[in-house]
Amino acid sequence: TGLTALDYGYVNTSSTQSWITYINGDEGILRYRGYPIEELAARSTFLEVAFLLIYGELPTKEQYEAFEQRVTRHTLLHEDIKLLFEALPFTAHPMSVLSSAVAALATYYEDSLDVHDPESVEINTIRLLAKIPVIAAYAHKKSIGQAFLYPDNSLSFVDNFLKLNFGNYAEPYEVNPVLSRALDRLLILHADHEQNASTSTVRLVGSTEANIYASISAGISALYGPLHGGANEAVLTMLADIRDSGDGVARFVERVKNKEDGVRLMGFGHRVYKSYDPRAKIVKQSADEVLGALGVHDPLLEIALELEQTALNDEYFQSRRLYPNVDFYTGIIYKAMGFPTRMFTPLFAIGRLPGWIAQWREQNIDPRSKLGRPQQLYRGSGERHYPDGREFI
Ligand code: CMC
């Protein structure tokens with residue numbers, strides 16, 4: 001019909017209305033359900049933010065306790081699903097493990113196929129929040145050849161996750177409260193970011209009325225890429241490369257500006273933020289605090305600080321309005337906590353989970369929702385005909 005507007009990367013097209021997250025990219029504002037990210041990061045918990053995003057309001061004390069208890073009660077994985085880990089190599093990237101295992105959860109919870117049954121949506125929401133951290137921790141354990149621990153439901157959400165990652169059967173494990181609070185805060189910062197690539201993927205898959213596990217597994221796959229959630233891993237690799245090359249920060253920045261080998265300054269730039277990412281501000285402050293409290297001195301932090309200053313003072317980055325994004329400093333904190341680099345993006349996925357769920361549910365109950373089906377402008381050949389006499393097949 002020729003009605004289609006061309007919009008590579010959906011730079012100018014809203015795919016939906018939403019009531020969940022507000023971003024003002026020019027002013028660096030981020031709010032979940034109206035609450036500024038700075039206030040939530042300072043005063044809330046990840047589980048409370050999950051409740052807020054999914055149900056729209058802050059919980060009462062009773063609602064909070066009931067929600068926490070439900071999420072805690074569903075942390076066990078079916079014993080058979082652990083066999084999935086045996087089929088994968090120990091070198092497997094945990095993001096691949098995570099997306100596979102989450103897709104596989106649908107085979108255990110077929111009630112999820114009834115996407116319009118509110119009870120089914122509710123129970124599968126709880127299962128996802130409870131089990132994804134356990135799957136991520138098992139992917140970590142598998143990669144280091146250690147036994148999977150059972151969840152310890154006497155612990156808080158984040159403490160349980162830390163124990164599943166860093167505890168073992170040989171010795172007692174005590175959660176460091178500094179670490180626990182820092183991780184909780186980082187998860188809050190990642191909890192939603194409106195229609196980013198992974199969330200749009202969750203919505204697109206969800207728009208076909210595919211179950212919530214299939215939709216979130218697809219979101220995890222979208223998050224894996226280095227231009228999206230995979231950037232936190234890529235930043236650490238970049239910082240280590242700068243350190244190991246001996247070339248120094250200035251030379252690296254020159255390479256970025258000259259677009260040598262397509263190299264980018266990872267953790268910089270954002271489709272929406274054209275000023276300092278408000279999450280990055282909080283993460284940077286956290287990095288200082290956490291490394292200080294843990295007594296960790298990481299030369300990569302110094303490289304990151306120098307890199308940030310060099311870029312912020314450079315005309316290339318200024319004219320393109322490129323600032324550090326959330327991924328720039330997170331990896332340094334995760335590393336100080338003891339997570340291997342490959343676990344950084346799964347940590348992002350755990351954080352983003354409430355947002356994906358909230359967005360899937362918002363679309364699912366909105367009568368205006370439609371099957372997502374972008375159009376294209378066809379640029380290929382006009383009609384032509386299969387050659388007469390073509391006989392070789
Ligand atoms: N390093 C060097 N140049 C950059 C960068 C960067 N990180 N980001 C953008 N540019 C340049 C780009 O080359 C282009 O310049 P020119 O006009 O000369 O070709 C200009 O800035 C505009 O860039 P764009 O690619 O059109 O912008 P976009 O909105 O499509 O890209 C982005 C957004 C996040 C993909 C990009 O900034 C990027 O690749 N950043 C590095 C990866 C990264 O940190 N991703 C995490 C994003 S935040 C959290 C998340 O979503 O997971």
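Reply: Start with helix α9 and its contact with helix α10. On the α9 side, the contact uses Ala197, Ser198, Thr199, Thr201, Val202, Val205 and Gly206. On the α10 side, these residues meet Ala214, Ser215, Ile216, Ala218, Gly219, Ala222 and Leu223. Sorted by class, the residues of this contact are eight nonpolar, six polar and no charged. Keep in mind that the model is predicted.

Now the geometry. A pair of packed helices is described by the angle between their axes and the distance between those axes. For α9 and α10, the angle is about 150° and the axes are 8 Å apart. Angles over 145 degrees count as roughly antiparallel. Therefore α9 and α10 are roughly antiparallel to each other. Their crossing is right-handed.

Next, look at α9 by itself. The helix spans residues 197–206 and is mostly covered. Eight of its ten residues are buried. The buried ones are Ser198, Thr199, Thr201, Val202, Arg203, Leu204, Val205 and Gly206. What covers them? The cover over the buried residues of α9 includes α10 (212–224) and α17 (344–365).

Take α12 (residues 249–257) and α14 (residues 299–312). Their axes come within 10 Å and cross at roughly 50°. The two helices are therefore oblique to each other. The crossing of α12 and α14 is right-handed. Here Val249, Ala250 and Val253 of α12 meet Ile303, Glu306, Leu307, Thr310 and Ala311 of α14. By class, that contact holds six nonpolar, one polar and one charged residues.

Now for an exposed residue. Arg73 lies in helix α3, which covers residues 61–73. Why does Arg73 count as exposed? Arg73 has 11 other C-beta atoms within 10 Å, and a residue is exposed if that number is 12 or fewer. The C-alpha atoms of Arg73 and Ala130 are separated by 7.9 Å, although these residues are 57 apart along the chain.

Last, the strands. Three of them form an open sheet in the order β1-β2-β3, with antiparallel pairing. β1 and β3 (35–36) stand at the edges, each with a single partner strand, so one side of each has no neighbour in the sheet. In general, strands of a sheet pair through backbone hydrogen bonds, either parallel or antiparallel.

β1 and β2 (residues 29–32) pair in the antiparallel sense over four bridges. Thr21 has Tyr32 in β2 as its bridge partner. Asn24 has Ile29 in β2 as its bridge partner. Together β1 and β2 form a hairpin, with four residues between them. In the turn, Gly28 has a positive phi of about 70°.

What about the two faces of β1? In a regular strand the side chains alternate between the two faces of the sheet. In β1 (residues 21–24), the covered face carries Thr21 and Ile23. The uncovered face carries Tyr22 and Asn24.

How values were computed
Residues are numbered from 1 along each chain as its sequence is written. This is a predicted model: local features need pLDDT of at least 70, side-chain atom pairs count only at pLDDT 80 or more; totals for chains, interfaces and linings use all residues. A residue is buried if 20 or more other C-beta atoms lie within 10 Å of its own, exposed if 12 or fewer, and partly exposed in between; C-beta atoms are placed from the backbone. Two strands pair if DSSP finds at least two bridges between them. Axes are lines fitted to C-alpha atoms, for helices over the stretch in contact, and angles run from 0 to 180 degrees between N-to-C directions. Angles under 35 degrees count as roughly parallel, over 145 as roughly antiparallel, 65 to 115 as roughly perpendicular and the rest as oblique. A crossing is left-handed if the near helix is turned anticlockwise from the far one by less than a right angle, and right-handed if clockwise. Two residues are in contact if their C-beta atoms, placed from the backbone, lie within 7 Å. Ala, Val, Leu, Ile, Met, Phe, Trp, Tyr, Cys and Pro count as nonpolar, Asp, Glu, Lys and Arg as charged, and the others, Gly among them, as polar.
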